[in-house]
Amino acid sequence: MDPNPTKFPILSYVMSKLPSIGPKRTAADEFDIEQPQPLPQPPKEPHFDITERMPHLTDPKVVAAMNSAVADVAQTRSMLKTLGERPDHELVDTSRMKLAEIEANLSKRLEEVVLSPRPPEMEREDWRSDLAVKEDECRKAAEQEKEEYKALIALDELHEAYEKMLKDAERRLEKIYETAVAGGDAEALEQAFGEKSSEFKEEVNEEVIAILQEAPGKSVERVDLSGRQLRMLPEAFGKIRSLIVLNLSNNQLAVIPDSIASLENLEELHLSSNLLESLPDSIGLLFSLKILDVSGNKLITLPDSICHCRSLVELDASLNKLSYLPTNIGFELVNLKRLSLSLNKLRSLPTSIGEIKSLRLLDVRFNELHGLPRSFGNLTNLEILNLSNNFSDLTELPDTIGDLINLKELDLSNNQIHELPDTFGRLDNLTVLKLDENPLVIPPKEVIVEGAEAIKAYMIKRRLDILMAEEPQIMLEEMGQTPTGLVTRSTSWLSGAVSNVFGTVAGYLGGGGKSDADHYLNQQL
């Protein structure tokens with residue numbers, strides 16, 4: 001809770017001199033006759049006294065200015081001591097997921113309410129009033145359910161803000177001390193505390209100023225400020241309405257101004273390798289945006305408003321700290337073709353992901369995925385899927401993965417998958433398949449080493465065997481009905497699949513010509 005002396009030496013010293021806030025304890029409160037307190041140990045001497053290195057810290061004027069400068073930090077520290085320690089990261093992630101679940105359930109309940117038919121005996125106005133009451137009850141119940149999770153997330157965010165506050169306070173104290181060393185009087189110290197650091201003036205370098213001055217008289221469409229060590233972007237950038245491509249990658253930006261929403265013609269925004277912990281909600285007003293690269297930052301979440309960027313074709317949010325995606329991301333980003341989310345902390349993908357029918361590439365390697373939603377099979381245009389390195393978290397795949405009819409490359413390496421789904425043989429276009437470092441039992445190792453075609457052939461034969469084994473039982477259950485047979489009804493897709501990989505099946509079963517097993521398969525198909 002208290003600032004780390006190593007990271008914040010001046011702040012730690014100043015805070016230690018402030019009077020502690022809280023009820024004072026008397027000797028009577030501390031004494032317990034049954035469990036007497038151990039004798040107090042003499043305090044350990046520090047390796048150095050900061051006042052020896054920074055003698056001005058003992059100046060009453062400097063102390064007074066510094067105490068004023070850290071008043072907000074002291075107040076926040078006191079509040080956090082009352083509220084408690086920072087909650088565990090896992091608990092916060094779970095709370096965020098619970099909030100998303102509650103929102104999803106609320107949407108379903110509201111949809112059911114709205115679509116419910118009007119009873120014939122009820123007047124239309126009464127029916128509408130009744131619907132409004134039910135909607136209100138649903139929302140209140142959802143809000144009540146959210147309260148606990150919201151409080152926990154709010155506590156985590158408060159601790160996060162406290163960390164930032166410590167950094168800002170240390171910079172303020174350094175400024176005050178530098179002023180004292182330079183011989184500043186009380187008025188100068190007060191001014192050093194009160195005014196904003198001149199760093200911002202230094203950060204707006206000449207190149208940025210030149211661009212802003214040039215923009216009004218000229219139609220500027222492309223701006224490349226990558227690798228300029230920028231620490232802030234002026235609000236005035238929002239006035240360059242003609243901008244189509246803006247590259248701010250490889251800088252030290254911690255904040256993107258809300259004015260960026262004014263760039264109505266912006267199609268490409270590159271923000272990779274910065275220090276961003278969040279994106280402004282106003283980013284959802286960039287309706288022309290097609291490419292967004294925010295990789296290599298410190299993003300914990302993507303704003304829900306990003307779903308309004310419906311022109312997005314490429315979104316790269318890899319190498320961040322994302323634990324979940326906006327619930328409606330799939331319903332809104334219907335034009336997305338490439339989605340890169342590698343090296344994050346994602347535990348699941350929203351059900352709406354299956355609605356991005358245009359998706360061609362999905363990269364979610366190095367996450368903490370526990371599985372995929374069944375709606376995943378709707379991504380029928382997906383060509384490249386990388387699910388590698390989710391390690392012990394990913395243990396199975398949904399059977400709907402067999403519906404990815406255009407899938408060409410699939411990487412499942414470094415997971416804990418024991419069995420491929422029986423529908424795997426449907427992946428006719430799959431040519432690259434990586435299954436390294438999985439405890440696979442089905443298919444067996446001797447089939448895996450033969451490659452993708454052999455694996456598909458094995459899964460097709462396995463599917464046939466399962467259907468044939470189930471046929472007698474099904475026929476017994478269907479006595480009295482026309483015995484059309486389960487295989488005849490269920491394996492129309494297998495005939496096309498087997499025709500594509502028939503040579504592989506024959507090779508796998510042994511022999512160059514048609515074996516008895518081949519004849520058996522043909523009979524069944």
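1. Start with serine 259: setting aside neighbours within four places in sequence, serine 259 touches Glu235 and Gly238. Keep in mind as you look that this is a predicted model. To find the residue, go to the loop between strand 2 (245-247) and strand 3 (268-270).

2. Is serine 259 buried or exposed? Its relative accessible area is 14%, so serine 259 counts as buried, the cut-off for that being under 20%. The side chain of serine 259 also has a polar atom 2.8 Å from the backbone oxygen of glutamate 235.

3. Now for the surface. Which residues make up a nonpolar patch there? They are Leu319, Leu343, Phe366 and Phe391, and together they have about 350 Å² of accessible area. Leucine 319 sits in the loop between strand 5 (314-316) and helix 11 (329-332), and is partly exposed at 47% relative accessibility.

4. Next, some backbone geometry. Most residues other than glycine have a negative phi, and most peptide bonds are trans. Glutamine 229 has a positive phi of about 60°; look for glutamine 229 in the loop between strand 1 (222-224) and strand 2.

5. Serine 273 has a positive phi too, near 55°. Serine 273 belongs to the loop between strand 3 and strand 4 (291-293) and is partly exposed, with a relative accessible area of 34%.

6. One last stop: where is the cis peptide bond with omega of about 0°? The bond joins isoleucine 442 to proline 443. Proline 443 is in the loop between strand 10 (432-434) and helix 12 (445-448).

Technical notes:
Residues are numbered from 1 along each chain as its sequence is written. This is a predicted model: local features need pLDDT of at least 70, side-chain atom pairs count only at pLDDT 80 or more; totals for chains, interfaces and linings use all residues. Side-chain values use heavy atoms; hydrogens and water are left out. Helices (H or I, at least four residues) and strands (E, at least two) are DSSP runs, numbered from the N terminus. Buried means under 20% relative accessible area, exposed over 50%, partly exposed in between (1.4 Å probe, protein chains only). A polar contact is a pair of N or O atoms within 3.5 Å; within protein, one must be able to donate a hydrogen and the other to accept it, and residues adjacent in sequence count only if both atoms are side-chain atoms. Contact means heavy atoms within 4.5 Å. Patches are made of residues with over 30% relative accessible area and no salt bridge: like charges are joined within 9 Å, nonpolar side chains (Val, Leu, Ile, Met, Phe, Trp, Tyr) within 5 Å. Accessible areas come from the Shrake-Rupley method with a 1.4 Å probe; for residues, only the protein chains shown count as cover. A salt bridge is a side-chain nitrogen of Lys or Arg within 4 Å of a carboxyl oxygen of Asp or Glu.
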